[in-house]
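Q: I've got a model open on my screen and I'd like to learn how to read it. Can you walk me through a few features?

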Amino acid sequence: MYELEEKSYLYFLGIIPVLAIIFLYIQLWKRKKQREFGDIELVKKLSPEKSVFKPILKFSLLLLALGALILGLVNPKIGTKMETVKREGIDIVFALDVSKSMLAEDVAPSRLIKTKQLVSQIIGQLGNDRVGMVAYAGSAFPVLPITTDYGVAKMFLQSMNTDMVSSVGTSFNEAIHLSANYFDKSNKTSKLIIMISDGEDHTEGAEDAAVEANKMGIKIITIGVGTEKGGPIPIKQNGVVESFKRDKNNEVVITKLNPQSLIAIGKATKGGYVNGNNTKEVLNYIKKALENIEKTEFEATQMADFQSQFQWFLGIAFALLFLDVFLLEKRTHWIKKLNLFNEKE
């Protein structure tokens, strides 16, 4: 297995064929000028020591050296084997509300963007825990299976939007059921769901689902994003607000934070609730909560650390450049004596 650390440098390899074309053009131009000067065979006799092959060889060495230097900048890395490592942590599933109400901007820059920022920073302070992600609105949608790769988790997090789930509304019931099923029931690892929403639940059964999750040994921490004063839901075109969502009576819909349902879910699983408008407060709350959850040892399979290989390519490049410096364009006498092409009469 291998990976390329700086792939952008690969574009510089396009310089090599350009230089080759320029070199070929110059050689043809020289040959044309020699014919204009006089008989080509006579011109060769005027410079008997000049090699036709050596300039081509020297230029080829320069191109190879340039290619090796570029590959050195790319820094290929090679992983030798897969290995199983033991870690101590918990399994965490982030359940993110992606309903249209999360577009409200009563929390800057918007409830959804604030949610992403919170999740990203929570992941940033985790240690050896495994994470997964679920998106939900009127129904729930799996986003990322449980993994130890935080980089991938953050990448999937940024791709989440309000168009991921077609059904409108918000269903905590669906979100809790799907999140609970993410966990391996045979695994004794401590399990936690971190549910983030503005609290507007349009279905029933959320508390019952939370009680069932509690019976499975799952805790739920809820985070409320939004303000109780609320705000309208903007309708944007190319990032510009054109209007706001309206109800059947053509009145602008005002969506408000409803912490009661979120508090009830957290209480049912002996988890907790925290207001998400203050990032520092959320991070401290989650940190303390994780410290009070028992860590379990589990195995994770991963590629052994990739080893940088740039030094080999740089070594080859400098060796070729060194050889090019001492390679003269005149003919090599000991090769000439071999008469490989029957040049002697």
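Predicted model: local features only at pLDDT ≥ 70, side-chain atom pairs only at ≥ 80, totals over all residues.

Q: Where does Pro109 lie?

A: Pro109 sits in the loop between strand E4 (91-97) and helix H4 (111-124).

Q: On to helices. Which residues of H10 are buried?

A: General idea to begin with: an α-helix has 3.6 residues a turn, so residues three or four places apart point the same way. Now the case here. H10 covers residues 310-326, and Ala317, Leu320 and Asp324 are buried in it. Seen down the helix axis, the buried residues of H10 fall within an arc of 65°, so they line one face. Helix H3 (53-74) is included in what covers them. On the other side of H10, Trp312, Phe318, Phe322, Val325 and Phe326 are exposed.

Q: And pockets? Which residues lie nearest the centre of the second largest pocket?

A: Rolling a probe the size of a water molecule over the atoms shows where empty space is left. In this model, the second largest pocket has a volume of about 240 Å³. Its lining has 19 residues, with Lys100, Ser101, Val168, Gly169 and Lys245 nearest the centre. That lining divides into six nonpolar, nine polar and four charged residues.

Q: One last thing: what is phi of Asn250?

A: Near 65°, a positive value in a residue other than glycine. Asn250 is in the loop between strand E11 (240-244) and strand E12 (254-255), and counts as exposed at 51% relative accessibility.

Terms used. Residues numbered from 1 in each chain as written. Heavy atoms only, no water. 1 Å grid on protein atoms, 1.4 Å probe; cavity = no way out; pocket = protein on both sides within 12 Å on 5 of 7 lines; lining within 4 Å. Points joined across faces, edges and corners; volume = space filled by probe spheres on them. Nonpolar A, V, L, I, M, F, W, Y, C, P; charged D, E, K, R; others polar. Helix = DSSP H or I, 4+ residues; strand = E, 2+ residues; numbered from the N terminus. Expected span 1.5 Å × (residues − 1). Buried < 20%, exposed > 50% of the residue type's maximum accessible area, 1.4 Å probe, protein only. Arc of directions from axis to C-beta. Contact = heavy atoms within 4.5 Å.
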